[in-house]
Amino acid sequence: MMELTGTVEQREMKSQLLDSMELEREKGITIKLAPVTMKWKGYTLNLIDTPGHVDFSYEVSRSLQAVETAVLVVDATQGIQAQTLANVYLALEQDLKIIPVINKVDLPAADVEGVAAQIINLLGCKREAIIEVSGKTGYNIDKILDKIISLDDIKTNDSNETKALIFDSYFDDYRGVVLYVRVFEGEISKNSEILMMAAESKGLALEMGVLTPKMSPRESLKAGEIGYIVTNLKTTREAKVGDTVTLTKSPAKEALPGYKDVLPFVYAGFFPVSNDQYKDLREAIEKLSLSDSALRFEPENSPVLGFGLRIGFLGLLHMDIIRERLEREFKLDLIVTNPSTNYEVVMNNGEILEIKSAADLPDVSEVREIREPWVKGEIILPKSMIGNVLNLINEKRGHQTNLSYIEERAVIDFEAPMANLLTDFYDQLKSATSGYASFNYELNGYRPEDLVRVDFLVAGHKMDALSIMCHRSEAEAIGREVTKKLKEVIPRQNYEVALQAAIGARIIARETIGAYRKDVTVKIHTGDRDRKAKLLEKQKRGKARMKRFGKVDIPSEAFTVMLKRD
């Protein structure tokens, strides 16, 4: 599209032009959305390229709020994926016109008619409404642009108020916070004072303009336009996605609808391998959180791992990206503890606490109930593999709520506890379906369950960093599994070391690491049994004394065994 409309010159063209981050180009996914303004047959078109992954669905929903039309691109070789469905529902909720497009029709493996049938089944549109294109060769791209123009009807109001929706914001080291906005009403001019209505923060519009995809400054942005505003704000927390921008001198009475504060619901402890790097880790996270308002962190101290940070993420992909960025961009060597979710604890006096890790759980005698987050999930897969996936969902304490079909594929709707999907559900799903399934989920409230805290003791010392929350029915199996793994990674000592899993004072699993044993009887050349017995007794007393005072050194690998259950 950008090549055809002459927005980007031929010599500047490259693949994945809008994916500027190295990680995006490598993984072949979009992490940060990117807006572009194009001209076609006398019309100005504003395009927003959004991520498709569920972790960023709030950003996607705000981008859909900012536009009138959505181009639904389905891969001719892959067909409809779970996130395609989720994003179609988001677009329908916003009442958008949808243009269905099948891409990569020039590939030998393309199944155009099969994918077209899936789209007709999903949208209820006519076969001739689906445009077949090839992004690589440019075949039929002009038809998409013509179709967008033919559906054109801009949502604007002629009112005196000024309202603009922030659909993305990021922090620039040299310029401060840059907002991507869609102006719905009024006009924002250069150097005017602006007000963010939900965050109640004020700032100055130092520069503004449109993106082509480079920044092209303008004097003002008018109703119906999408562009950027460079502000003097210091962090994106003051200008979050979904907030409404208005002018300080004549503020709008009501904000634009749909703003919500996005809260993280996956938490993990990040610790540097050597404690000297703690300051670097903290500075790195502070830098990343300037441009990512969903990132929450607080200091954490573990007796084994030393100082670190407990960080909240929107999901596992978000966590993965932040970890890779910390390791690559800031050259940090990290230990990441078992990711967990947050729980609601109802005390006997009616007070509700939110805990982010098992170590924070108060005394069980004061707790009335513990609620855990559940998710509503959707898996799309070939019909022949339904049995394997239903078994997997049952193993995770989930249950199927619906089963429907789109042509040759099945859609399984299910509900399951968030904690059970965190560690390796996605890997197991890919194994069970040979990589053919796609998975999408959203949070579905908190439910009271019979949850317990499982502690792990090494030589009688409780290790808080290893504690986990789980359902009582799964506690023993998890206890046995983890103690077995710990036995493999904790080195042998000169004395016997007990590894135990416990719920409160009740031990539910145990493994023993045998002691190194020196043969003390080697220096006796006679067969005198009394002398041998005396020496062995002396050795036994020495080992018992060692066991009382000895301290087991736990290697950092002991914490990563929890990440993968297999």
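Author: Helices (H or I, at least four residues) and strands (E, at least two) are DSSP runs, numbered from the N terminus. On that basis, Gln-94 sits in the loop between helix 3 (82–93) and strand 4 (97–103). This is a predicted model, in which local features need pLDDT of at least 70 and side-chain atom pairs count only at pLDDT 80 or more, while totals for chains, interfaces and linings use all residues. Residues are numbered from 1 along each chain as its sequence is written, and side-chain values use heavy atoms, with hydrogens and water left out.

Reader: Why does Gln-94 count as buried?

Author: Buried means under 20% relative accessible area, exposed over 50%, and partly exposed in between (1.4 Å probe, protein chains only); Gln-94 has 18% relative accessibility, and therefore counts as buried. Leaving aside residues up to four places away in sequence, Gln-94 touches Ser-61, Arg-62, Leu-64 and Gln-65, where contact means heavy atoms within 4.5 Å.

Reader: How do you know that strand 4 and strand 5 pair?

Author: Two strands pair if DSSP finds at least two bridges between them, and strand 4 and strand 5 have two bridges, in the parallel sense. Val-101 has Ile-131 in strand 5 as its bridge partner.

Reader: What makes strand 3 and strand 5 edge strands?

Author: Three strands form an open sheet in the order 3-4-5, with parallel pairing. Strand 3 (69–75) and strand 5 (131–132) each have a single partner strand, so one side of each lacks a neighbour in the sheet.
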